Amino acid sequence: MSFPPTPLPNARVYLRRLQPHDAPTFAAYRADPAVARYQSWDTYTLAQATEFVATYGPADIPGPPGTWRQLAIALCVTDGLIGDCALHLIADEPRIAEIGITLSPAYQGQGYAREALRSLLGYCFTELQLHRVYAITDALNLPAARLLESAGMRREGHFRQHVWFKGGWGDEFLYAVLREEWQQVQGSGKLV
Ligand SMILES: CC(C)(COP(=O)(O)OP(=O)(O)OC[C@H]1O[C@@H](n2cnc3c(N)ncnc32)[C@H](O)[C@@H]1OP(=O)(O)O)[C@@H](O)C(=O)NCCC(=O)NCCS
């Protein structure tokens, strides 16, 4: 199970490990209120980023079932960090993974997240041979819903007032894709 995966043909971004020099960029985009809005944090400091990158940068990818790992999304041209993906093999069923994705606002709206997500799904299904990948997103997070749908993920659930989140009950969407579905969509050339 090698990481990082081979970049997609003609890709502008690729997935790699977080590295110590990524910490200032990582902290800066995570601290942006628009990025934090639907995430588990409100603020994000350079000290947190430095510790996070030092801890998880060198760690095994994927982590043991039940643990989360964060993969850097980097521009192919500069190797600069523009976001990160999360990968979590489920403790009781490690053939299933939960994923997440965050992009620096400076790089949003250009299709970079879509490329990174396709790369992550390719890694999950081709390299890790996973059976199913899912993502949970706040129902108000429309860019995330659009992104997950663009990658061929299906909305399977709408959980009403499912989490107590930042002072109120929040609805969540569950999106998922099976390996066989992902392979069919890849073969059809429907993804842009
Ligand atoms: C969720 C998130 C990653 C989506 O990022 P994004 O920039 O909207 O997604 P993409 O990079 O795929 O860009 C898609 C947009 O770029 C446009 N675009 C421009 N050039 C493009 C290209 N060459 N290829 C594809 N799309 C392109 C698309 O039309 C689309 O526009 P639309 O949103 O108006 O439909 C981003 O909103 C984010 O980081 N949010 C904060 C963190 C968060 O909440 N994460 C969700 C956790 S699950």
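Analyst: E181 is partly exposed, at 22% relative accessible area. This is a predicted model: local features need pLDDT of at least 70, side-chain atom pairs need 80 or more, and totals for chains, interfaces and linings use all residues. Residues are numbered from 1 along each chain as its sequence is written, and side-chain values use heavy atoms, without hydrogens or water.

User: Why is E181 called partly exposed?

Analyst: Buried means under 20% relative accessible area, exposed over 50%, and partly exposed in between (1.4 Å probe, protein chains only). E181 has 22%, so partly exposed is the label.

User: What makes R154 and E181 a salt bridge?

Analyst: The term requires a side-chain nitrogen of Lys or Arg within 4 Å of a carboxyl oxygen of Asp or Glu. R154 and E181 meet at 2.5 Å, N to O, so the pair qualifies.

User: Which residues are linked with them in a network of salt bridges?

Analyst: The network links R132, R154, E156 and E181. R132 and E156 form a salt bridge, with closest N and O atoms 2.8 Å apart. R132 lies in strand β5 and E156 in strand β6, so the pair ties together parts 24 residues apart in sequence. Strands are DSSP runs of E, at least two residues, numbered from the N terminus.

User: How do you know whether R132 is buried or exposed?

Analyst: R132 has a relative accessible area of 19%, so R132 is buried.

User: And what about D22 and R16?

Analyst: Their side chains meet in a salt bridge at 2.8 Å, N to O. D22 is buried at 2%, and R16 is buried at 4%.

Technical notes. Helices (H or I, at least four residues) and strands (E, at least two) are DSSP runs, numbered from the N terminus.
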